[in-house]
Amino acid sequence: MRKLLVLLVVALCTLTIFAQQAYNPEWLIADVEGGQRGGTLYLATTSGPKTLNTYWAQETSSSIIINQGDVSLLGSDFYGQPTQPSLAKDWGVERTEDGGTLYWFEMREGVRWSDGHPLTVDDVIFTWEKIIVPDLTADGNDVYMDSEGNLPELTVEGNRIMFKYPTVFRFGLETVGGFAIMPKHVLEDKVTDAETFQSTWTVEQIDQLVVGGPFKVTEYIEGVRVVLERNPYYFERSKDGVQLPYLDRIVFEIVTDTNVARLRFEAGEIDMHGPQAKDFPALRAQADEKGWNVIVGPATAGSNFVAFNFNAADPVHREWFRNDNFRKAVAYAFDKQTIIETLYNGLGVPVYGPRTNSSAFYNPEIENLGYRYSLVTAQRLLREGGFTWNNRGQLVDWNGNVVEFELNTNGENVMRNEIAVILVDSLAKLGIKVNYRPVQFNAMVQRMYSENWDAIIIGLVGGDDPGWSTNVWLLDGGLHFWNWSPEVMDWVDPNEYFVHPAEKRIDEIMRVQRSILDKDELQKLWDEWQMLISENQILVYTISQNYLNMHKNTLHLYPVEKYGTINPYGYSYSPGLWKIEYAWKE
Amino acid sequence: MLKYIVRRLILAIPVLLGVSVISFFVMQLAPGDFLDTYRINPNISREKIQELETLYGLDKNPVTQYFLWLGNILQGDWGYSFVYKIDVWQVLLRRLEATLLLGVTTFIFTWGIGIPLGITAALHQYKFTDQALSTIGLIGISIPNFFFALLWLMWAANTGIFPIGGMLSREFANFPWYKQIGDFFWHVAGPVITLGTASLAGTMRIMRGQMLDEMNQDYAEFARAKGMPSDVVIYKHTLRNAINPVITSLGFSLSAILGGALITEYVFSWPGLGSLMRDAIFQQDIYLVMANLLLQGILLIVGNLIADILLAASDPRVRLRMSA
């Protein structure tokens with residue numbers, strides 16, 4: 001009997017000791033305090049996720065949800081730069097003696113996955129060696145390669161992870177510091193090949209999901225809603241010791257129609273709304289009465305531009321489009337300010353180059369190039385370029401050909417459609433006839449890959465760092481679509497191929513930038529890059545709308561609390577989702 | 001009868017094959033493919049896109065693709081969705097329930113109200129009731145679904161009587177079963193009335209016209225002259241004859257139910273097949289589109305068969321022809 005009692009006491013003691021050994025990792029202390037735990041954040045999204053596998057998600061509808069659970073070695077700051085600690089508590093870059101670059105990360109100890117399993121260096125190695133190196137992802141592993149196409153060598157010493165590149169490579173913090181780390185204990189047998197891996201963590205496999213980030217998807221009712229719940233083992237804590245995230249749950253209600261999303265926000269069913277510029281004044285008028293916080297943020301990063309085909313099938317058209325004065329005249333004739341005033345209620349900014357003023361790499365000098373609306377300047381430029389007008393007011397070139405071309409864009413994109421209509425109207429004032437033909441998205445992409453187009457309005461998205469768009473700007477890049485190189489597209493006649501001097505310099509910049517570690521030196525290159533594009537109007541940039549956000553004032557968003565605006569590097573329709581683990585509700 | 005059904009089902013095979021050939025090649029005629037979104041992603045290299053083309057079998061020519069697909073189907077494999085990376089049937093099944101719920105409710109609504117109203121209108125020809133019903137019906141048919149749905153939602157948002165779109169309340173999972181059923185009707189009311197008012201007038205007009213035709217036939221006159229009570233003439237004889245064309249249209253209704261109601265689904269955020277197909281077509285998720293089209297084909301065939309059998313049950317002449 002006494003033996004049993006002793007045993008019982010011992011057992012009880014062990015249990016208490018275990019219970020006291022609660023989760024206590026090397027906490028990441030966040031720059032927030034005073035928030036309240038609990039509550040559910042209701043958001044609207046236009047479409048449900050297609051997959052929950054972060055390495056195969058291509059649509060924002062998926063990534064906006066998955067990213068809430070992703071975790072990597074480094075986090076990004078307000079400007080989207082990888083400068084924040086995350087799983088790594090300390091990190092650095094070193095030049096090695098043999099001319100290479102070494103990125104090292106000191107990993108936090110005692111961290112766990114959402115299922116309680118330890119999250120260690122092994123998971124990082126697993127993700128790198130079994131997923132990224134063998135190229136099991138949709139994006140491929142080119143971004144991790146240096147200019148000579150080498151992947152770094154991974155070595156580990158205790159908690160120190162080191163990626164060593166044989167050459168100088170500047171993207172390491174973004175690439176090796178930024179990839180999403182996957183749980184080895186869950187996915188070990190799913191990484192045999194790309195086909196198996198892509199059908200892992202589909203929307204049917206929510207119960208298998210294990211995350212390291214703040215929120216994990218726990219429920220998805222097809223087409224109705226996605227529920228994310230807090231990861232009880234998330235390793236971040238506020239300054240006053242509250243484990244983050246503050247919120248217990250995020251619910252994404254799937255509301256396909258944006259008008260209806262607005263109705264639901266007005267009815268108080270949704271906490272945050274990214275209104276369209278046309279709805280903005282009407283909503284703002286209700287803000288005080290309804291208790292909403294209204295934010296007009298910086299310009300959205302991606303801007304639409306007009307590209308002219310330097311390799312158009314018609315040799316006459318080709319000549320026009322390669323003529324600098326022609327493109328510059330288009331830029332002058334395009335009244336950006338009026339579009340902003342009339343279509344966007346003044347909630348936009350004119351864009352003159354490849355980066356908008358919200359970018360960390362923006363060169364404000366391009367504004368001084370003077371591309372403001374002026375038909376007179378446009379006419380002068382055209383005359384200098386060798387064009388004249390016939391007696392019917394039509395613009396004719398040096399061989400007497402009447403200037404007329406086709407303009408395409410994907411018509412379902414409302415903004416591009418509106419820009420196209422105004423462009424047609426503006427160019428008519430110069431005597432240029434533009435035949436606007438909106439096409440479906442796929443048709444537009446197919447055209448871009450062929451010679452059968454004249455002008456296209458499109459926007460491309462990528463990272464903020466211009467270095468991420470090498471594919472677009474290198475002369476032989478895979479997306480240098482307005483002037484395909486004969487090496488890339490066999491239908492381009494090498495004898496007819498034309499390289500603009502500015503494009504040649506841009507190509508050089510894009511090649512050297514990868515190996516420049518010095519920030520100032522790099523920014524000089526980006527300044528030059530923006531000037532080259534803008535000065536020559538290689539692509540004619542248009543306008544960018546401001547980020548617009550409204551949310552209940554009982555909802556506290558971290559960027560607003562701290563910076564007075566929302567983070568421009570979140571998602572286009574709800575940029576406030578950046579640092580969602582800091583958001584809290586009264 | 002059984003022989004007839006078997007014969008009809010065998011005849012359906014070439015029809016389905018034809019449907020699959022035409023839809024597959026029409027999809028191929030459309031420019032581009034599933035990988036177009038990848039093609040304008042600056043982070044994806046050309047080599048990677050070629051790799052993905054091989055992975056998804058998009059590098060083969062359309063005829064080869066078609067026969068590979070057909071071969072797989074004969075082995076019971078309908079292919080997988082490029083977007084969802086799961087079996088196409090799993091994707092369709094995730095949406096089927098919502099579509100069926102909406103379709104069946106709308107069907108009951110239109111037929112359950114349309115037929116009696118059509119009869120009432122016929123019985124009161126040219127009187128006030130008839131004219132009032134016709135007017136209401138015409139209003140229903142002439143307001144576009146899109147507009148009606150938005151009006152409904154704005155009204156719902158202002159009054160709070162009905163939900164602002166969606167299919168389930170937030171607390172749905174915690175409701176007892178009877179409340180769950182109530183919740184369903186609360187949510188389905190808007191889409192059903194939007195869709196219902198559009199087709200109600202049609203059903204009503206057909207029923208009214210047929211009823212009037214039959215009531216003026218010699219046999220009806222004769223029965224009344226013989227002294228048969230008017231109710232018996234109407235409900236036992238004329239109604240039975242008048243309902244045949246309405247039954248025939250049932251065949252199409254069954255397929256239409258699953259075809260979904262794209263615009264209404266879109267505005268009400270109703271997670272049915274209609275909006276799924278819209279996305280699938282835009283993204284060129286070919287196997288998903290193909291599976292859905294074939295499903296529709298099968299339903300159209302089954303629907304027509306059911307309609308014919310029902311017709312045989314109500315019309316002895318048809319029965320005779322079938323057994324011949």
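User: In which sense do β7 and β8 of chain A pair, and over how many bridges?

Analyst: Strand β7 (residues 153-157) of chain A pairs with β8(A) in the antiparallel sense, over 5 bridges. Two strands count as paired if DSSP finds at least two bridges between them. Helices (H or I, at least four residues) and strands (E, at least two) are DSSP runs, numbered from the N terminus.

User: Before going on, what are the ground rules?

Analyst: This is a predicted model, in which local features need pLDDT of at least 70 and side-chain atom pairs count only at pLDDT 80 or more, while totals for chains, interfaces and linings use all residues. Residues are numbered from 1 along each chain as its sequence is written, chains are lettered from A and ligands numbered from 1 in the order in which they are written, and side-chain values use heavy atoms, with hydrogens and water left out.

User: Fine. What sits between β7(A) and β8(A)?

Analyst: The two strands form a hairpin with 2 residues between them. Gly158(A), in the turn, has a positive phi of about 60°.

User: And how does β6 of chain A pair with β8?

Analyst: Strand β6 (residues 101-107) and strand β8 (residues 160-165) of chain A are antiparallel, over 6 bridges. Met162(A) in β8(A) is the bridge partner of Trp104(A), and Thr155(A) also stands opposite Met162(A).

User: Which strands make the hairpin with Gly223(A) in its turn?

Analyst: β9(A) and β10(A), with 3 residues between them. Gly223(A) has a positive phi of about 70°. Strand β9 (residues 215-221) and strand β10 (residues 225-230) of chain A run antiparallel and are joined by 6 bridges. Phe215(A) stands opposite Arg230(A) in β10(A).

User: Next topic, the open sheet in chain A. What is the strand order?

Analyst: β20-β19-β21-β15-β22, 5 strands with mixed pairing. The edge strands are β20 (433-439) and β22 (540-541) of chain A, each pairing on one side only. Within the sheet, strand β15 (residues 305-308) and strand β21 (residues 455-458) of chain A run antiparallel, joined by 4 bridges. Ala307(A) has Ile456(A) in β21(A) as its bridge partner.

User: Which helix lies across β15, β19, β20 and β21 of chain A?

Analyst: Helix α13 (residues 414-428) of chain A, running at about 165° to β19(A). Axes are lines fitted to C-alpha atoms, for helices over the stretch in contact, and angles run from 0 to 180 degrees between N-to-C directions. Contact means heavy atoms within 4.5 Å.

User: Ser426(A) is in that helix. Buried or exposed?

Analyst: Ser426(A) is at 5% relative accessibility, so it counts as buried. Buried means under 20% relative accessible area, exposed over 50%, and partly exposed in between (1.4 Å probe, protein chains only). Not counting residues up to four places away in sequence, Ser426(A) touches Ala333(A), Phe334(A) and Asp335(A).

User: Now His556(A). Where is it, and why does it count as buried?

Analyst: His556(A) is in strand β24 (residues 555-556) of chain A. It counts as buried because its relative accessibility is 13%.

User: Which side chains does His556(A) make polar contacts with?

Analyst: Its side chain makes a polar contact with that of Glu561(A) at 3.1 Å, and one of 2.7 Å joins the side chains of His556(A) and Glu586(A). A polar contact is a pair of N or O atoms within 3.5 Å; within protein, one must be able to donate a hydrogen and the other to accept it, and residues adjacent in sequence count only if both atoms are side-chain atoms.

User: How far apart are His556(A) and Glu586(A)?

Analyst: They are 30 residues apart in sequence and 8.0 Å apart in space, C-alpha to C-alpha.
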